[in-house]
Amino acid sequence: MTFAALGHLLPELILVVGACALLVLGVTRAARRPGMLAASSCGVCAAALAATLWAGIPDGTAELPGLALSGMTFYVRWLTLLVGLLLILLNWRQADPAEQGEYLSLLLFTMLGVLLTASASDVVVLFFAIELVSVPTYVLVALSRRDARASEAAVKYFFLGALSAALLAYGLGFLYGAAGSTSLSAMARAIGSGAAVSGLALIGLLLVFGGLSFKIAAVPFHAYAADVYEGAAAPVTALLGFIPKFAGFVALIRVLDVFGWAMSPGVFWLIWATAALTMTVGNVLGLIQKNVKRMLAYSSIAHSGYMLVALLVGPRLGEGPMSNGVTALLFYMAVYGVMNLGAFAALSSFRRGEDEVERVEDLSGLARSQPGAALALGVCLFSLMGFPPTAGFLGKVYIFSGAFSVGADHAYAGGLAVLAVIGVLNSAVAAAYYLRVAAVCWVSPERERLAAASGMSGRLGLTIAAVAMIALFVSPQALLSKARTASEPVLSGRVAKGVSRLGLDGTSVPSDVSAEGYVALSE
Amino acid sequence: MSSWILTLVIFAPLAGVAALALMRGENKRAIERVALGTSLAAFVLAGAAAVLFFQDEPRGGFGLKATYAWLEGGAAEDALSGGRGPIGGVDVAYRVGVDGISLWLLLLTAFLTPLAIASSFSAIQERVREYYILMLLLETAMLGVFCALDLLLFYIFFEFTLVPLFFLIGIWGGSERRRASVKFFLYTLAGSMITFAGVLYTAYYAYRSGAGAFTLNLEELMRLSRAGAFPAGVQGWIFLSFAAGFAIKVPLFPLHTWLPLAHTEAPTAGSVILAGVLLKLGTYGFCRLSLPLLPEASRAFAPALAVLAIIGIVYTALAAWVQTDVKKLVAYSSVSHLGFCMLGLFSMKLAGMNGAVMYMINHGLSTGALFLVIGCLYERYHTREFAKLGGLARRMPVMAFFLIVFTLSSIGLPGLNGFIGEFLVLLGTATSGSTMDGLAPGPLGFPYAAVAATGIILGAVYMLYMCGRVLFGPLVEPVQAGGVGHGERDEHGDSSGHGGHHDDGHGGGDLTRREVAILAPIAVLCLILGVYPKPMLASIQAAAEANVFSVDDRRQAEGGAAPGGWRAAQGNAEFGMQNAELTCHRAEDPRGPVVFLAPHSACLLPSSGVSGALRAGRAASVASTGGAQ
């Protein structure tokens, strides 16, 4: 690696330097000025974003050990940094001002993890990146408020997270054993050419899927979500709904890339069942929640289910313009990240006495005391519901169109159509609990006036999220074409040949696409 | 102008929403004026649209069309696909346009909304600004549904109607408003989510069967459907998914249970809009999407739907009879009436179709008006119980007059509008098996009409019974009107609107001038449509032929190439394309019994002399020999 090649990693470098600088700044006198550290972390984030946009889409020629830059890198970079800016906005104030430096630098580190996940071209780097996402989040949960519940949530999150890390490491080990290399492209070559040991590769895939299921909170690894969301403060919960989930899905895309998106019946039905269960369990349990944050935790589980549908469709199963599941997934991830953040921003902009807003009834009559905030919260809720005219609706259009875009003659067409119907019915179930919150805000009489939380940052985040949801509905083109560009190489280049010999293939692979296509793109 | 007008109509109420949101202070009068003014402006614009439509367009087709790109894939995606076809070919756009069917429903919506808004002036005392914002949002959504020529756009507006109505019922409704609004929302949402899946599948199938793009353009889909792109099995699935959403909306027995509750709990204006327009979204969906896009499946499922419709007609008529609440009685009568609409649509005859669309308009007028009258009663007495009301004709003669007029219109007295629709629906149903109108035999028949007709008798029974109880006999008025209502209303701590503040002390003054001004236009329209329905029927029929039964695709293929080639003859009186004037040419298409109608040359004359006449002759001959191709 030459020194010049580092220039390709400018956004990542800015984040590393900025995060370290914040750690140092946190103990100096400058930190005592309120908002000083938050503003500087905003600056770091914005600088990284500017570097990302300035560099544009990497052409993939940079020689970096363990990293390969692609269209996906670009998409993940700008989206993470943009949502990251909003997250810093929400986390403007911390429970303990003395910990502010650590807190904000951890926030930057976890974002760095997501960025690296997207570029990792080696399983070791991939594992490292996923852990870089996870470890700071454990600490952030603990730091988020001075409350025994936060500590409990952090410990719970940490132990289960460690378990999932073990699963992930074990699975990646199996993949290494099967292919004989830690490089993702070499693995793809080995698996594509049939040189890999198919049994080991399959076990590896399943373990990796299990480990990453924890990150995206998919059934049966979802159980921690409700407790952790409830325990952590709302601004951190907003982060938990986006950062680990995004990293998990990006990692899943990269792993399925290695397998050339070949879906053997076993793998297909496993992901199918996971998606169906995740949607259904999330929504049904969401129905009976009285705590808003628990409810949103289950909603986040359900949304993972919708995104798993897109992952299942992938870039290769369907046909036609709406068939690329990865595009749909990337689009939905962006929309979900923002609308979910909006909902938590609303919760963090009000206090009930000393406490956070927790129960659904706490929001009673919000429309009368705070009509603007109630309207913005309503937009975010209807977007989560998948209701027009919000971007959440378009996200569902893309995901479920993808599921229907599988030809009737395809072996999985029926399965995917059923999954799409399960998905839309789930949206109707989900509507019931989102609607309850909306009804409480608008219909119920005011019980106890909610005090606005100090500072405008929560309000600002909420407003930005709500406006973004409407704007993305009216004009989705920009985001959509970015998502398409990010997922195109997945569609056209990285298709491994001859996977059928592995018994992993449910489709006929076009023989003119060679494994070399993948290598050329990623190296 | 003509391409902008529909967009203006649809979004005119949003201008009012913006104005209301930005207004300072809580000046009730000003807010009401802005809301009423905006909705009246929308009505004027809709009227202008109607004038432009009849000036501009060849009859039958969609007029006033406009398209703005929305979800279209750009060139960048095409480049990436490497010449493998339009990978970015997503053709989902903002497309609007109206034909002779949707235009009337558009006008109905624009007509009823200002009346509903004006009727709320005294009833709504709380959270006034929010109320009118929601009413105007609802109007935009309803207008949008009737103008949409893209399935996704249709769906978006269709779905969005739920949100404002949810809050209208939930905030300003009766004592059970929470339950009613949630049930209404979830019930209809559950159905329409399945419709959503069907819409997406339709788009994919259109792509697959040669549209070249993931398209939801209604006209393109109609063209594909005529070309036989949708096989029967696929049609069946799509039909069922559409029906899931539309049947709940209509509502069709046994999915109607949300309706009486929503109606009884809704504020008066909400009931007027709900009965007047929102229920029609279901029948309109069947008529706009299911029948033209899925003709074979419609034919196959028609008997089942008709049986459900008939059960609904009779069952809900009986249910209406035993109600003790006036509003609930009218709510049940709505279900019964909409059953007739369904019957007319699925008779798959021109007469039935004409009748069904006419019925939608009539029902919107007369039932909407009935809810308005009941609202007036309720504001005075705070009760709708039969037991507490009686002999009011003496106390309120003007109210009695209107109630009787709308009741008679509702039960289909000849000379008023209800009769025409009812008659045509039953005619269409009874003669469904025949080929009188040149269409292939429909799936229904005389027995269906015979059973359904009992619903008319029952309708007359319960409606007149209601009139008799409320208007005649010994005078019964609730004691201390006002106090009772306030008590039950405020049990949740927030008074929800119907305050009855304008009470004049002794409970029942007759209708005020404002109320008369609201009801009189509807009564006049009922009379006009009852005496002279011809223009409306003519345009409905032309639209039904072109866009529902696709009888004239050959005619358009031939003549449509030259714009204006199929102008109505100027001298021909009032759009006079009637059944009798049509020469029927039957032609068997290889795919199945598709029938073409060609107009008699006396009825339609090309606008431009000899070449046009030649074209007409050629069209007729193509139509008659069309099967050979």
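Helix α18 of chain B spans residues 417-430 and has 14 residues. From its first C-alpha to its last it reaches 21 Å, close to the 20 Å expected at 1.5 Å a residue. The expected span is 1.5 Å times one less than the number of residues. Helices here are DSSP runs of H or I with at least four residues, and strands are DSSP runs of E with at least two; both are numbered from the N terminus.

The model is predicted: local features need pLDDT of at least 70, side-chain atom pairs count only at pLDDT 80 or more, and totals for chains, interfaces and linings use all residues. Residues are numbered from 1 along each chain as its sequence is written, while chains are lettered from A and ligands numbered from 1 in the order in which they are written.

How much of α18(B) is covered? Most of it: 11 of its 14 residues are buried. A residue is buried if 20 or more other C-beta atoms lie within 10 Å of its own, exposed if 12 or fewer, and partly exposed in between; the C-beta atoms are placed from the backbone. The buried residues include B:N417, B:I420, B:E422, B:L424 and B:A430. Their cover includes α14 (326-346), α15 (350-381), α17 (397-411), α19 (446-471) and α21 (513-531) of chain B.

## Where the chains touch

The contact takes 40 residues from chain B and 32 residues from chain A. Two residues are in contact if their C-beta atoms, placed from the backbone, lie within 7 Å. On the side of chain B that touches chain A, α3 (75-80), α6 (151-160), α7 (162-172) and α8 (177-211) each supply at least two residues. The largest share, 16 residues, comes from α8(B).

That side of chain B divides into 27 nonpolar, eight polar and five charged residues. Ala, Val, Leu, Ile, Met, Phe, Trp, Tyr, Cys and Pro count as nonpolar; Asp, Glu, Lys and Arg count as charged; the others, Gly among them, count as polar.

## A sheet in chain A

Three strands of chain A form an open sheet in the order β2-β1-β3, with antiparallel pairing. Two strands pair if DSSP finds at least two bridges between them. The edge strands are β2 (355-356) and β3 (451-452), and each pairs on one side only.

Strand β1 of chain A covers residues 350-352 and pairs with β3(A) over two bridges, in the antiparallel sense. Take A:F350: its bridge partner in β3(A) is A:A452.

One joins B:V250 and B:P251, with omega about -10°. Another runs from B:F253 to B:P254, with omega near -5°. B:P251 is found in the loop between α10 (232-249) and α11 (258-265) of chain B. B:P254 is also found in the loop between α10 and α11 of chain B.

Next come positive phi values in residues other than glycine. Phi of A:A217 is near 60°. A:A217 lies in the loop between α8 (198-216) and α9 (224-231) of chain A. Is A:A217 buried or exposed? A:A217 is buried, because 29 other C-beta atoms lie within 10 Å. For B:R127, phi is near 50°. This residue sits in the loop between α4 (102-119) and α5 (128-147) of chain B. B:R127 has 21 other C-beta atoms within 10 Å, so B:R127 is buried.

B:T512 is in the loop between α20 (483-489) and α21 of chain B. B:T512 is partly exposed, because 15 other C-beta atoms lie within 10 Å. B:T512 and B:M399 are 113 residues apart in sequence, yet 9.6 Å apart in space, C-alpha to C-alpha.
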